[in-house]
Amino acid sequence: MALAAALREYSGVWFGWSGQTTGQHTGQVSLQRQDGVTVATLDLEEQDRQEYYNGYANRTIWPLFHYRVDLSAYERSFSEGYARVNARFAKALAPLIGDGDFIWVHDYHLIPLAQELRKQGVRNRIGFFLHIPWPAQRLLTTLPNHAELTSALFDYDLIGFQTEDSRSAFEDYVVKVAEGEARGRRMGAFGRTVEVGVYPIGLDVDEFEASAAGEVAGAEFARMQASLAGRSMVLGVDRLDYSKGLEERFLAYEQFLQDNPDLRERVFLLQIATPSREEVTAYQDIRARLDAVTGRINGAFATVDWVPIRYVNRTYRRDELAGIYRAARVGLVTPLRDGMNLVAKEYVAAQDPEDPGVLVLSQFAGASEQMDEALIVNPFNREEVAGAVAWALTMDRAERVRRWSLLMDGLRRSDVRAWRDAFVGDLRGHEPPARRIAS
Ligand code: ADQ
């Protein structure tokens, strides 16, 4: 979503995995035109899917970078798969790159891509943006090949993080572990230097407002209003992922029900959690735990005409979601770790300016660096989250409008165009590509 407009504007080519697996790797790139953008894709082998995608990307890096060392699996076949697939991507991509092109690589699946492209002789400017957090140095060093992974980042010309928190964790690693140095935006280690910046991703606010004002959103809003039956809705919308803190959220909501008997039947929690990465065991486990905890809380508190948690495991379209966001008095966004969290921003953008709801936001979501006017909570502290929900539900309209207006100004200032223009501006930037300094 965030890149579609940029690709159209720059006549860009989107390159990535097709999502399909084939019996034998052929290296064959398939080219298609989609909505004014050229899409180039490569199939992977089944072994790649297991070792690279389900393995190193989703069982090693994802949990570790979200501070779940306990879930992070270190297997040699995973890191071999990661290296192999990045090399295959680079080989397939290199012939598509023209002289003046710049390359923007996204996310943790592709950290070594620049290194592999350099091996293919690509000298163009290459930038890397990490959508997830960069972990604290002490956590990263639990990864057996941490130096190899971090060193690969120095083949980029520019690295972008979502937050200052991630940037400074990276600097910490560079200085303390790699014994390199940081001078303003330039960091040096492993015999090379790279420019590093913070680029918080934003929404396409105009596009989101247009979809929130559309027919589908309106119909969904009306349907939700009818189903509220005079009650207030607390809303969670997430991919079903252990980093999103859903179990902790349900327990905090249970605490809220216990602490506020007077509010009990006047409120319900709607949690929309779309299953993802279902081939990975940790995701099957969290899903089973969430089924159990919602069943237990509903069993303990429900009455004949009220269920405290409505728990839904399907996907909604963006415009449907916009209508649902607007009907919610409280947006409850409490990940245990999150690079940014766009749901927090979408919730704010979908509100009625005259009667907006209140955002309760985890201090560990990247979005909290920008969204001071939300009720910022520690998602591990049940009582604090329960208290914030109670406060949000009882907050007067003037205070809700005041907070919402400031949040909305921030969303407009720091929207998806600002994110993209800042990154692309710096990437196309100032210096000649492919520098190497003596170590
Ligand atoms: P995600 O972890 O997927 O993304 P997030 O930013 O919360 O997280 O959501 C991305 C998009 O998915 C949003 O536009 C949202 O509307 C949609 N979405 C989420 N749950 C949904 C549901 N149940 N039904 C329908 N749509 C749903 C990663 C990082 C984030 C970072 C983004 C973008 O983990 O921290 O914000 O990339 O950089």
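Okay, let's start with Ala282, which sits in helix H11, the run from residue 281 to 301. Keep in mind that we're looking at a predicted model here. So who does Ala282 touch, once we set aside its neighbours within four places in sequence? Two residues: Leu71 and Tyr242. And here's something to look for on the screen: Ala282 and Pro63 are 219 residues apart along the chain, yet their C-alpha atoms are separated by 9.7 Å.

Find H8, residues 205-213, and H12, residues 318-326. Their axes are 8 Å apart, and the two pack at an angle of about 75°. Angles from 65 to 115 degrees count as roughly perpendicular, so that's what we call H8 relative to H12. Which residues meet there? From H8 we have Glu207, Phe208, Ser211 and Ala212, and from H12 we have Arg318, Asp319, Ala322 and Tyr325. If you sort the residues of this contact by type, you get four nonpolar, one polar and three charged.

Now the ligand. How many residues surround it? The answer is 21, and the closest are His131, Thr274, Asp338, Met340 and Glu346. By type, that shell divides into 10 nonpolar, five polar and six charged residues.

Let's zoom in on some polar atoms. Glu346 uses its side chain: one of its polar atoms there lies 2.5 Å from an oxygen atom of the ligand. With Met340 it's the backbone instead, where a polar atom is 2.8 Å from a ligand oxygen. Asn341 also has a backbone N or O atom 2.8 Å from an oxygen atom of the ligand.

How much of the ligand does the protein cover? On its own, the ligand has 700 Å² of accessible area, and the protein covers 83% of that. As for where the shell comes from, the elements that give two or more residues are strand S10 (232-240), strand S11 (267-275), our friend H12 again, and helix H13 (342-349).

Definitions and conventions
Residues are numbered from 1 along each chain as its sequence is written. This is a predicted model: local features need pLDDT of at least 70, side-chain atom pairs count only at pLDDT 80 or more; totals for chains, interfaces and linings use all residues. Side-chain values use heavy atoms; hydrogens and water are left out. Axes are lines fitted to C-alpha atoms, for helices over the stretch in contact, and angles run from 0 to 180 degrees between N-to-C directions. Helices (H or I, at least four residues) and strands (E, at least two) are DSSP runs, numbered from the N terminus. Angles under 35 degrees count as roughly parallel, over 145 as roughly antiparallel, 65 to 115 as roughly perpendicular and the rest as oblique. Contact means heavy atoms within 4.5 Å. Ala, Val, Leu, Ile, Met, Phe, Trp, Tyr, Cys and Pro count as nonpolar, Asp, Glu, Lys and Arg as charged, and the others, Gly among them, as polar. A residue is near a molecule or strand if one of its heavy atoms lies within 4 Å of it. A polar contact is a pair of N or O atoms within 3.5 Å; within protein, one must be able to donate a hydrogen and the other to accept it, and residues adjacent in sequence count only if both atoms are side-chain atoms. Accessible areas come from the Shrake-Rupley method with a 1.4 Å probe; for residues, only the protein chains shown count as cover.
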